[in-house]
Amino acid sequence: MVETVERTLRVVTLDARVRADDGTCPHCGESSARVHGRYVRRLADAALGGMTTVLALTVRRFKCINAGCAAVTFAEQVVGLTSPHARYTLLLRRMLGRVAVAMAARAGVRLAARLGLPVAKDTLLRMVRARPERPAGQVRVVAVDEFALRKRDRYATIIVDLEAHQPIEVLRGRESGPVTEWLAGHPEIEIVCRDRARAFAEAARVGAPQARQVVDRWHVWHNLAEAVQRTVGTHHGCIKTAYADLPASHEPPESQDVTEPDDHLDVRGRPRKLVARTAERYAAVQDLVTQGRSLKGISRDLNLDYYAVRRYARAASLDELPAKAAHRPSLLDAYKPYLAQRVNDGCHNALQLFRELQTQGYRGSSSTVYLYVRQLKHGITPPPPPRPVPRPRRVTSWIMANPDTLDPRAALDLKQIRAGCPNLDAAVRHVRTFAVMMRHLRGDRLPAWIDQVADDDLPALRQFADGLRYDLDAVIAGLSLPWNSAQAEGQNTRVKLLMRQGYGRANFDLLRTRILERS
């Protein structure tokens with residue numbers, strides 16, 4: 001019962017007293033009405049009108065009448081309001097706990113202060129760690145995935161209940177041992193969704209032999225895209241030939257001495273440094289690989305990143321490396337036919353030509369026009385630049401895209417590429433067959449698809465198909481059942497946010513508590 005209310009500039013103090021006739025001993029459960037004494041407890045409570053609220057509660061100490069009880073006296077508690085030795089009411093503890101879980105310590109302190117709930121960051125951390133952990137209960141369908149605590153150094157594993165849409169466990173490391181132990185404690189699990197990691201496959205096989213393993217479709221599709229990109233890189237020369245055969249939109253005058261543009265030269269006619277450096281590094285890496293050196297040793301000798309060395313070593317030719325696609329679109333490309341015509345007519349004033357282009361909508365610089373006009377005046381009159389050869393990644397995106405939604409110009413280019421390269425045509429057919437199988441959940445067709453890929457001369461796709469044989473049942477289940485690991489991937493995105501909020505300074509137990517917190 002509130003007796004008086006005192007208000008200062010920023011604090012409201014409520015003087016209250018408990019009016020119960022007796023109290024219950026927390027040790028033995030015996031009721032007692034023998035009052036031993038009284039004292040005032042000052043408890044922080046939820047804010048009133050944005051002002052800090054303090055509850056000055058007069059409570060009594062009772063003598064325990066049970067002679068066999070270890071406690072002589074005990075303090076009375078108000079259900080739903082107080083707890084032993086606490087300086088916050090239960091309502092305020094719940095509020096601050098929610099703030100700490102959602103915002104982390106420092107951000108939570110700033111938000112709580114704005115709400116009239118001053119608190120220290122260490123107190124918020126203690127509240128998060130003191131929150132009771134909810135048991136996972138009975139789960140039927142789970143997804144297992146990893147996330148990085150520190151990239152390429154420390155990892156953790158998250159387990160998500162796909163039916164409840166909630167994470168239910170976070171384990172240290174990404175090895176099979178902890179996952180196996182956790183799965184063994186839940187024999188009711190029927191479905192385990194995972195990526196293609198061997199550790200998780202082994203954990204599901206040993207820890208949940210009764211469950212059916214399902215490989216996530218996105219990971220399979222992503223691996224297929226990687227194989228397709230390697231295939232496109234191997235046949236990039238065919239793509240260049242197909243683009244060279246495309247009819248030019250503007251034919252140069254027959255009387256002019258036409259010089260075809262060179263991918264190795266810049267607009268000033270000088271060798272492009274990027275192309276020269278890439279060719280030099282490719283030759284050096286290939287030479288050391290031939291000598292039997294390891295990739296790490298080559299990385300140290302050439303002072304190159306290990307993954308760059310691996311890329312150079314795996315490339316079958318220089319055409320597979322991105323720097324070979326040297327032609328870059330320019331704002332002047334659309335106006336070069338007009339410039340060539342004006343120079344042929346006798347106009348050699350670059351400034352005048354620049355102003356004429358501006359009236360036509362040119363938004364580039366005058367120096368670009370000057371350089372091109374100078375080339376024309378010196379007798380080098382290149383035709384309008386050919387359409388730039390797309391990089392392997394761009395062609396891969398065309399192949400992996402839905403043909404019904406592909407841009408018409410990209411579809412036309414892809415058709416030209418397929419006509420000029422039978423191997424890429426076969427790759428497109430295999431990808432589209434796989435896409436139909438995945439979209440309509442017809443995983444039973446996968447063995448036949450693998451056999452079809454083996455009949456073609458596509459080493460990267462064949463390697464991908466052979467890899468599917470090692471996990472064939474789980475991949476077929478992934479292409480047949482509606483379950484996937486999308487929720488686990490979404491939780492991993494949420495984990496990245498939680499880690500950034502903690503600035504990387506929180507311990508694993510705090511991060512785990514925040515991940516498992518449920519609304």
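This is a predicted model: local features need pLDDT of at least 70, side-chain atom pairs count only at pLDDT 80 or more; totals for chains, interfaces and linings use all residues.

Colleague: OK, at what angle does helix 21 run to strand 10?

Modeller: About 165 degrees.

Colleague: And which other helix packs on that sheet?

Modeller: First, the sheet: 5 strands make an open sheet with mixed pairing, ordered 10-9-8-11-12. Strand 10 (166-172) and strand 12 (212-215) are the edges; each has a single partner strand, so one side of each has no neighbour in the sheet. From one strand to the next, the twist averages 25 degrees. As for your helix, helix 4 (residues 176-184) packs there, touching strand 8, strand 9 (154-161) and strand 10. Its direction makes about 135 degrees with that of strand 10.

Colleague: How do strand 8 and strand 11 run, and how many bridges join them?

Modeller: They run parallel, joined by 3 bridges. In that pairing, alanine 143 sits opposite cysteine 193 of strand 11.

Colleague: Switching topic: how do helix 20 and helix 21 cross?

Modeller: The axes of helix 20 (residues 486-501) and helix 21 (residues 508-516) come within 10 Å, crossing at roughly 135 degrees. That makes helix 20 oblique to helix 21. The crossing is right-handed.

Colleague: Which residues make the contact?

Modeller: Helix 20 brings Arg494, Val495, Leu498, Met499 and Gln501, while helix 21 brings Leu511, Arg514 and Ile515.

Colleague: How do those divide into nonpolar, polar and charged?

Modeller: For the contact of helix 20 with helix 21, there are 5 nonpolar, 1 polar and 2 charged residues.

Notes. Residues are numbered from 1 along each chain as its sequence is written. Side-chain values use heavy atoms; hydrogens and water are left out. Axes are lines fitted to C-alpha atoms, for helices over the stretch in contact, and angles run from 0 to 180 degrees between N-to-C directions. Helices (H or I, at least four residues) and strands (E, at least two) are DSSP runs, numbered from the N terminus. Angles under 35 degrees count as roughly parallel, over 145 as roughly antiparallel, 65 to 115 as roughly perpendicular and the rest as oblique. A crossing is left-handed if the near helix is turned anticlockwise from the far one by less than a right angle, and right-handed if clockwise. Contact means heavy atoms within 4.5 Å. Ala, Val, Leu, Ile, Met, Phe, Trp, Tyr, Cys and Pro count as nonpolar, Asp, Glu, Lys and Arg as charged, and the others, Gly among them, as polar. Two strands pair if DSSP finds at least two bridges between them.
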